[in-house]
Amino acid sequence: MSDFDAVVIGAGNAGLTAATTLQRAGLRTLLVERHSIPGGCATSFRRGRYEFEVALHQLSGIGSEGQEFSLRGLFEKLGVIDRLDFVQEHDLYRAVVPGEYDVTLPADWAAAVDVLSDAFPGNRERVERFFQLVKDTTIWQMAAMRGLPPEQVDPTYFRQGLRPLSEVLDDHFDDPRLKSVLATYWTYAGQPPSRLAFQDLALMLFAYLEFKPWHIRGGSQAMSSAFLDSFLAAGGEVRFNTAVEAILTERGRAVGVRLDDGQEVSARDVISNASLPLTYAMLGDAVPTTVRNDLATRRIGVSGFVLHMGLDATPAELGFTTSTTFVNADLDEDRLHASWHTLEPARGICVSSYDVAPIGFAPSGATHVSLMTLQYADAWDKVSPGEYARAKFAYAETLLDRVEVITPGIRDAIEEVDVATPMTMSRYLGHPGGAIYGYDQDRTENWLFRNSERETHVPGLHLAGSWVATGGFQPTLESGHRVARRLLRHQAA
Ligand SMILES: Cc1cc2nc3c(=O)[nH]c(=O)nc-3n(C[C@H](O)[C@H](O)[C@H](O)COP(=O)(O)OP(=O)(O)OC[C@H]3O[C@@H](n4cnc5c(N)ncnc54)[C@H](O)[C@@H]3O)c2cc1C
């Protein structure tokens, strides 16, 4: 008999939901995490009087009372809903390009139309038509994802879904500023409008406009810890500060893992929440050639650079009116995307002010703010270890220069700072390039063309998380649960 029914490698979002689903269904499950805490990206850490949120900017999938969305049901099933207190953001975002626009979009379809037609007169009907297409494309995409046969899916989805976002915006609008405001969420997928599939932006706009953006009191760490508690309460076992260094196989089937202290653990099934390159490296010679060839065609995705700040002033004193603000240098999204491979001054930042609707991380009268730009790890290739600390703080200054546009004098309020680069992400997550969404989320990775979650080519091995599903909180939480349910059905058969 195996030591465990299942071993889960990694306690990121997907690892946690997978392990909790399995253990609560009665499978003896071991969760192995190389870090000392659960969550992967979904964690927080303390500096002085402040707790700093690592990753969560806007949680989708929650929905409001009376209009609940999928994550509420998942949290309930996994026994964590009563442990979580959600904090609603009432605006989608404030988008600023100095000299071009400064627009705050409410998280409501009709109010967003009003704001956009006031800011860009003469466009009301066009915005309404665009929003209708966003709704139609998303509803049919969700139906197709759930398995509706293609012949029953409205052709609008197939005609529009995979077109570049920029083309669909060009069909609707002439004003480049309006297109820029509507495309703002492209950075959440890491692909500029010229490369992002329209359906990906449509899904994000729909998720946040229809079901609202949320934070969690106590940050994403509160959610990760709640999952861990539920897993342990159901009898699960966890090993922290322990990395899996090999996936063991017999006659081509995964049969367990070897830990970094040399211990071998047998299991009927293995779920990996580690990156795909690492997972397959851990299989050694057992990797089929088809998988090797496929992996060689894929591009490691983007990471991020984050300046976390504890500020000794209230959001109002600092001039923050929204929880989420995007500040870009100009309207050139391709140029911004190209700059993520360099250390040129940050051209675009996402500003999260966690005390406009407080999540409880800053003491009273103070504010926790993070400034983030996406960035590829290769931007740091030419920086020697001796120059690294100076270079990261010099780069952080460029994010501060950018945020000064909306909060002049913010530097005077700084009490605590910490900086994370793609190197930091790589060190904490163990992912190549410190990638936070897995592979580059371009159209070749679309779920219509690939299903890595199902196709491991190694019986007994299952994959969950951002490297096989879409990156981001909601998709990875759902990925772990989905993979675990499939495994349960399989073990029961
Ligand atoms: C700064 C930042 C900002 C972000 N902003 C947002 C946002 O606003 N909205 C959003 O939706 N998403 C955001 N994301 C992305 C989102 O957080 C991630 O896509 C998601 O959390 C990834 O979840 P995952 O399940 O793939 O696991 P990951 O978080 O990638 O965790 C994988 C886990 O596996 C562990 N592991 C790896 N190898 C091994 C091994 N050999 N043995 C044991 N353990 C191992 C790692 O230590 C890690 O804990 C952000 C991410 C970051 C870092």
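**Exercise 1.** State which residues gather in a patch of positive charge on the surface, and decide whether R489 is buried or exposed.

*Solution.* The patch of positive charge on the surface is formed by K77, R454, R485 and R489, where a patch takes residues with over 30% relative accessible area and no salt bridge, like charges being joined within 9 Å. A salt bridge here is a side-chain nitrogen of Lys or Arg within 4 Å of a carboxyl oxygen of Asp or Glu. Next, R489 lies in helix α17, residues 473-492 (helices are DSSP runs of H or I with at least four residues, strands runs of E with at least two). Finally, R489 counts as exposed because its relative accessibility is 51% (exposed is over 50%, buried under 20%, partly exposed in between, with a 1.4 Å probe and protein chains only).

The model is predicted, with local features needing pLDDT of at least 70 and side-chain atom pairs counting only at pLDDT 80 or more, while totals for chains, interfaces and linings use all residues. Residues are numbered from 1 along each chain as its sequence is written, and side-chain values use heavy atoms, leaving out hydrogens and water.

**Exercise 2.** Locate P363 and give its C-alpha distance to Y50.

*Solution.* P363 belongs to the loop between β17 (348-353) and β18 (367-375), and with a relative accessible area of 22% P363 is partly exposed. P363 and Y50 are 313 residues apart in sequence, yet their C-alpha atoms are 7.0 Å apart in space.

Definitions and conventions: Patch = residues over 30% accessible without salt bridge, like charges linked within 9 Å, V, L, I, M, F, W, Y side chains within 5 Å. Areas by Shrake-Rupley, 256 points an atom, 1.4 Å probe, with all protein chains shown as cover. Lys, Arg positive; Asp, Glu negative; His and termini not counted. Charge placed at Lys NZ, Arg CZ, Asp CG, Glu CD.
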